[in-house]
Amino acid sequence: MATSSKALPVAAVAIVLLLVVAAAPAAEAVCGISNDQLMSCQPAATKTPAPPTEACCDALGTADLGCLCGYINSPWVTVYNIDPESAKQLPPKCGLATPPNC
């Protein structure tokens with residue numbers, strides 16, 4: 001199965017979003033994004049994704065995407081019903097660049 005070089009960074013961001021939501025208390029921000037902000041992206045990262053909302057894109061725009069990429073291998077992705085293929089499409093759909101280290 002071939003994976004594009006852009007797919008891994010985007011998937012990492014999506015996975016990180018879910019992991020951050022699971023790991024951080026509601027009032028704490030992780031990687032510059034709150035749990036509520038992360039959850040605003042969840043509907044856009046499922047197997048049947050909705051388009052990302054303005055709130056989701058705003059959240060991703062202020063988040064440290066490189067930091068979020070650090071959560072890519074977390075088991076929490078499936079707990080939050082996140083589809084890596086959909087999640088990896090979020091930054092480009094929001095007009096954001098994917099960090100090179102993802």
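Colleague: What makes you call both Cys57 and Cys94 buried or exposed?

Modeller: Both Cys57 and Cys94 are buried. Buried means under 20% relative accessible area, exposed means over 50%, and partly exposed is in between (1.4 Å probe, protein chains only). This is a predicted model, where local features need pLDDT of at least 70, side-chain atom pairs count only at pLDDT 80 or more, and totals for chains, interfaces and linings use all residues. Residues are numbered from 1 along each chain as its sequence is written, and side-chain values use heavy atoms, with hydrogens and water left out.

Colleague: How do you know that Cys57 and Cys94 are joined by a disulfide?

Modeller: The S to S distance between Cys57 and Cys94 is 2.0 Å. A disulfide is a pair of cysteine sulfur atoms within 2.5 Å. So the Cys57 and Cys94 pair qualifies. In general, such a link is a covalent bond between the sulfur atoms of two cysteines.

Colleague: Why is the disulfide of Cys57 and Cys94 given its hand?

Modeller: The torsion about its S-S bond is about -70°, so the Cys57 and Cys94 link is left-handed. Cys57 sits in helix α3 and Cys94 in the segment after α7 (90–93), so parts 37 residues apart in sequence are tied together. Helices (H or I, at least four residues) and strands (E, at least two) are DSSP runs, numbered from the N terminus.

Colleague: How many disulfides does a search of the whole structure find?

Modeller: Three. One of them pairs Cys41 with Cys56, with sulfur atoms 2.0 Å apart. Its S-S torsion is about 110°, so the Cys41 and Cys56 disulfide is right-handed. Cys41 is in the loop between α2 and α3 (54–62), Cys56 is in helix α3, and 15 residues separate them.

Colleague: Why is Cys41 called buried, and why Cys56?

Modeller: Cys41 has a relative accessible area of 2%, so it counts as buried. Cys56 is at 0%, so it is buried too.

Colleague: Which cysteine does Cys31 join?

Modeller: Cys67, with S to S at 1.9 Å. This link has -60° about the S-S bond and is left-handed. Cys31 lies in the loop between β1 (29–30) and β2 (33–34), Cys67 in helix α4 (residues 65–69), 36 residues away.

Colleague: What label does Cys31 get, and what label Cys67?

Modeller: Cys31 has 9% relative accessibility, so it is buried. Cys67 is at 30%, so it is partly exposed.

Colleague: What makes Gln37 buried, partly exposed or exposed?

Modeller: Its relative accessibility is 30%, so Gln37 is partly exposed. Gln37 belongs to helix α2 (residues 35–39).

Colleague: Which residues have the most contacts inside the largest nonpolar core?

Modeller: Ile33, Leu60, Leu68 and Leu90, in a core of 19 residues. A nonpolar core is a set of buried Ala, Val, Leu, Ile, Met, Phe, Trp, Tyr and Cys residues joined through side-chain atoms within 4.5 Å. Helix α3 gives the most, with four residues.
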